[in-house]
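User: I would like to learn how to read the features of a model such as this one, taking the general idea before the particular case. Could we begin with a helix?

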Amino acid sequence: MKRLLPFIPVLLLGLLWVAPGAAESMPWRIRFLDAAVVTGERVTLGEVAVPAGEMPPGKWEELARRELWPSPPDNGRAMSMTRPRLQEVVVRTMPDLAPYCLFPGSMLLQRGGVVLNEPAVHALVVKELTPLLAGLNGETAVRDVRAPAAIFLRHEGQMVTVEAPKKLTPGRISIRLLVRELDGTVTQKLTGSVFVDCFRTAPCAVAPLNRGDVLEPAAVNFVRVNLALLRGEPWDGRGGPWRMTRPIGLDEVIYQADLAHIPTIAKGTVVTLLYESPSIKLTVKAEALADGVVGGSLPVRNLQSRKEIYAVVRDPATVVVTALQ
């Protein structure tokens, strides 16, 4: 019981804070920041909080001068305060205002320097990455920035830059934030990530397609999609003729990997195998052992010798080898 006696006043004040009563009708609140810089020997309310709501003129100027607790050491390092600890100190140092306070999950404090809070960090990341998105060929945007909640600088001459990602693609990408001195020297490296949206038109099936189906123009409709949410590179609508390599459903995106050229010669087709050399030209019948297109090579089996060789497709009925194999 003796151990609890020193804490009884704080506990009673805490009860007043959680049951504010008259605070419900007050048109203003005091919102504590999640990161702040202080300058003097003691932290003042105006350094770590801002007014919210309709506060009478001159009221905040008066309240902002209130001293709360000793400042952290001037060692260039931020001090962290948990929400319970912050509530406890506020209840003890200004019990009259505690019912009107709004607290963050935690607070970071540094003595001296400059702080970029979370909105400022996010705005910086979006500003520096946006020009780099022009190469993605689509309507792009940066969102869901995940970075340090606050970045503390030792002095106003320091700056924060975003290192250009090695590969900028739709979806979530990793980033690095660099704290630099006036001469460009990097004094701190911080990591984070962002989500990059990239909207572009892509082909979708207007009806279910089966494996092996020929892709006709009437079976395709182009719609606006977010490339960041796709599992691969969509077909660009060019080339062909194509056939499907897998079945896809109604309104599904057609990926380049879903398509294969319709073969000039299909597997199992009997073709003319033409042997050509400077001194001889010979033709025999052969069986195609794989699909092939004009200009491409495919394995064939000589139906006389049963020997398998590779030949180049000349037309739908002819394959050629330029020397005996």
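**Reading a helix**

Analyst: Helix 5 (residues 118-129) has 12 residues and spans 17 Å from its first C-alpha to its last, close to the 16 Å expected at 1.5 Å a residue, where the expected span is 1.5 Å times one less than the number of residues. Helices (H or I, at least four residues) and strands (E, at least two) are DSSP runs numbered from the N terminus. The model is a predicted one, in which local features need pLDDT of at least 70 and side-chain atom pairs pLDDT 80 or more, while totals for chains, interfaces and linings use all residues. Residues are numbered from 1 along each chain as its sequence is written, and side-chain values use heavy atoms, leaving out hydrogens and water.

User: In what order do the strands of the open sheet run, and which of them stand at the edges?

Analyst: Two strands pair if DSSP finds at least two bridges between them, and in a regular strand the side chains alternate between the two faces of the sheet. Here three strands form an open sheet in the order 2-8-6, with mixed pairing. Strand 2 (35-38) and strand 6 (79-82) each have a single partner strand and stand at the edges, so one side of each is left without a neighbour in the sheet. Neighbouring strands of this sheet are turned by 25 degrees against each other on average, direction ignored; axes are lines fitted to C-alpha atoms, for helices over the stretch in contact, and angles run from 0 to 180 degrees between N-to-C directions. Strand 2 and strand 8 (residues 106-111) pair in the parallel sense over four bridges, and A35 has L108 as its bridge partner in strand 8. Across strand 6 and strand 8 lies helix 4 (residues 83-93), which runs at about 85 degrees to strand 6.

User: Is Q110 buried or exposed, and from which backbone oxygen does a polar atom of its side chain lie 2.8 Å away?

Analyst: Q110, found in strand 8, is buried with a relative accessible area of 3%. A polar atom of the Q110 side chain lies 2.8 Å from the backbone oxygen of G112. Not counting residues up to four places away in sequence, Q110 touches several residues, including A36, V37, V38, F152 and L153.

User: Which strands form the closed barrel, and in what sense does strand 18 pair with strand 19?

Analyst: The closed barrel of five strands runs 18-19-20-21-22, and its pairing is mixed. Its neighbouring strands are turned by 50 degrees against each other on average, direction ignored. Strand 18 (residues 270-276) pairs with strand 19 (residues 281-288) in the antiparallel sense over seven bridges, and a hairpin joins strand 18 to strand 19 through four residues; V270 has E287 as its bridge partner in strand 19. With strand 22 (residues 318-321), strand 18 pairs in the parallel sense over four bridges, and Y275 stands opposite V321 in strand 22. Strand 21 (residues 308-315) and strand 22 pair in the antiparallel sense over three bridges, and V312 has V320 as its bridge partner in strand 22.

Definitions and conventions: Contact means heavy atoms within 4.5 Å. Buried means under 20% relative accessible area, exposed over 50%, partly exposed in between (1.4 Å probe, protein chains only). A polar contact is a pair of N or O atoms within 3.5 Å; within protein, one must be able to donate a hydrogen and the other to accept it, and residues adjacent in sequence count only if both atoms are side-chain atoms.
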